[in-house]
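Thanks for coming. I will go through one structure today, chain by chain, and then look at where the chains meet.

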Amino acid sequence: MMFKLAALLTRPATKYVFILLALLFPLFAANEYQVYVMSLAFVWAIAVYGLNIITGYCGQLNLAHGGFFAIGAYTLGLLTSDYGWSFWPAFVAALLMTAVLGFITGVISLRLKEHYFAIFTLCVGFIIYMLLDKWEELTHGAIGVRDIAAPYGFGVVDFTDSVPFYYLVLAFLIFSIWFISRLSKSLLGRTFIAIRNGDELAQSLGINLMRNKVLAFVLSTTYAGLAGALYAGMVRFIGPEDANILHTFNLITYLLVGGIGTLFGPLVGTLSIVWLTQSLQFLETYKMILFGPLLVLLVIFFPNGLVGSLLLWMRRKAESMGVAKAPKASRVETSNSATGKEAENNA
Amino acid sequence: MLKVENLTKMFGGLAAVNDVSVHFEANKINAIIGPNGAGKSTFFNLIAGMHKPTSGRIILDGEDITPLRCDYIAQRGIGRTFQTTNLFETATVLDNLIVGHRLRTQSGLWDVLINSKRLQAEEKECRVKAREALDFVGLSHVENRLIADITQEERKRVAFALALATQPKLLLLDEPAAGVNPEETVGLADLMHKMVANGLTVCLIEHKMDMIMGMADKIMVLDHGEKIAEGTPQEIRENPVVIEAYLGSDEDAAA
């Protein structure tokens, strides 16, 4: 029963059902606030997808991710409020900015391995926070950036409303997931996974470590920039606190809960935690008393995250039920005849 | 095939590999033996480009590969396996092997974005090569199993297959038979013979003496980073220096 349900969930066609549900969500939502929370969750999810590229697939724990999110938000915010740009050019500029800064940071930081890389990026994240907080001429310091432009709807839609904005974020989220699904199945994605399995092994397979790691890093910071720019266009007011390291750890929590290195882990993790914290809101500060143990239980019983554990369980179950046996048998035969031929050749 | 000239690697004041010259012939099984800490693994790392030598040269088929980075050396046709291989535990055996042929492909980010013909063709090719390699090591039947669910010996074979998928000319095997039982060791030895029969050159580090003596065409003995002997198993067995340094008083070990 459980298995059938899970099998239904992982069917390729199921994604259209979820897209349909997401499209209809504003109709079901009890109030505009719920639509707003969902949009915000989608924005975080996009950022988590970025983190999943460098940390999930490529295996490098990047603790500057929240910093790049803030850079995306600030680029868009400052260009539209101080320099009078309209939203979309500033949006593209934010993506370019995070990509370029990601490249520079990547080239330097990825010379370090494992924990050293994590510590280095932790410092990078903190430096970003300090710059946003202290460089008052550029960033307005602790006052933050106000009067950020909303996305320009070309006279067709008004993105200052929460429902149109919801659809805009949803479109970007779907694009983000689509790209990652393509990436993760491609040779490039496999190259990243090979690096996660070990630098030495990847090198022995002829993989250029630096080039691939930097590419994964730039992709991930660009995702962070995309999420940050959308965030700025949504809340319209940002401050240095948006670069707080706490946000990076939130993103990592979403990723771990959903399932690191899985395609739908970032979405599942983000949505479940955001809605859980929302529904525990009435407990105020005490919600952490519930939330903490829940997280611990999750890590103990679902070490691969919700999606990762489900997929693994399905795989094992399918094997024990012998579902995958039929095609296997035919393959064994062909391989036997092949080795037979080879043996003849050798003889 | 592979010519090593006066290879030296210093770690601080310690000579891990000291002035080693050796010539590995094509289509042979070459073995490197020596006590723990003799510099065998360092020697492999030097050939594979993981470490740069302090002095000396490494020449593969007439080309000096000493200054090359390891991914270029892999492209030149040197494959290797490690004592332990970290694989993607929750992915299938085949999925783990597809990346093996990546170094012979060109697709980049743009190909991924537009799902280009080149990418599709190359992915198909990688899949074919992975299946061939899996078939070669005799594991076609576990293609769809998860790495976490296969045996130790099957893991060893998957690691071989991964190295074979890079289409190497020379294969460096670091203790291929460590941690497998005697019967399985025979199976792995057969596999190495099969590789040589298919035109590969094999070079291995191994501690299992009976295996080495039975299968190697040529043995090099390292001790404290220096080459103390080189020759056929018969010559090595009778070499008094080797007996003293490595086989010690336990003459049964050589038998």
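A word on terms before the count: helices (H or I, at least four residues) and strands (E, at least two) are DSSP runs, numbered from the N terminus. This is a predicted model, in which local features need pLDDT of at least 70 and side-chain atom pairs count only at pLDDT 80 or more, while totals for chains, interfaces and linings use all residues. Residues are numbered from 1 along each chain as its sequence is written, and chains are lettered from A and ligands numbered from 1 in the order in which they are written.

Chain A comes up here. It has 16 helices and zero strands. The radius of gyration of chain A is 23 Å, close to the 20 Å that the globule rule gives for 347 residues, so chain A is as compact as a globular protein of that length. That radius is taken over C-alpha atoms, and the globule rule is 2.2 Å times the number of residues to the power 0.38. The C-alpha trace of chain A spans about 80 × 45 × 45 Å along its principal axes.

Now one pair of helices. Two packed helices are described by the angle between their axes and the distance between the axes. In chain A, the axes of helix 3 (residues 32–57) and helix 11 (residues 209–235) come within 8 Å and cross at roughly 170°. Axes here are lines fitted to C-alpha atoms, for helices over the stretch in contact, and angles run from 0 to 180 degrees between N-to-C directions. Helix 3 and helix 11 of chain A are therefore roughly antiparallel to each other. On the scale used, angles under 35 degrees count as roughly parallel, over 145 as roughly antiparallel, 65 to 115 as roughly perpendicular and the rest as oblique.

Which residues of helix 3 of chain A meet helix 11 of chain A? Among them are W44(A), Y49(A) and Y57(A), and the residues on the side of helix 11 of chain A include F217(A), Y223(A) and M234(A). Two residues are in contact if their C-beta atoms, placed from the backbone, lie within 7 Å. By class, this contact of helix 3 with helix 11 of chain A has 19 nonpolar, three polar and no charged residues. Ala, Val, Leu, Ile, Met, Phe, Trp, Tyr, Cys and Pro count as nonpolar, Asp, Glu, Lys and Arg as charged, and the others, Gly among them, as polar.

On to chain B. One open sheet of chain B has six strands in the order 6-7-8-3-9-10, with mixed pairing. Two strands pair if DSSP finds at least two bridges between them. Strand 6 (78–81) and strand 10 (226–231) of chain B stand at the edges, each with a single partner strand, so one side of each is left without a neighbour in the sheet.

T81(B) stands opposite L173(B) in strand 7 of chain B. Strands 9 and 10 of chain B form a hairpin with two residues between them, and H224(B) in the turn has a positive phi of about 50°.

Chain B also has an open sheet of four strands in the order 2-1-4-5, with antiparallel pairing. Seven bridges join strand 1 (residues 2–11) of chain B to strand 2 of chain B. The bridge partner of F11(B) in strand 2 of chain B is L14(B). Helix 1 of chain B lies across strand 1, strand 2 and strand 4 (55–60) of chain B, at about 65° to strand 2 of chain B.

How many residues of chain B are in contact with chain A? There are 37, against 31 residues of chain A. Helix 5 of chain B gives the most to the side of chain B that touches chain A, with five residues. By class, that side has 16 nonpolar, 14 polar and seven charged residues.

Last, confidence. pLDDT is the predictor's confidence in each residue, from 0 to 100. Chain A averages 87, and chain B averages 89. In chain A, helix 16 (residues 325–346) is lowest, at a mean of 38. pLDDT stays under 50 over residues 324–347 of chain A, and also over residues 251–255 of chain B. For the complex, the predictor gives an ipTM of 0.89 and a pTM of 0.88.
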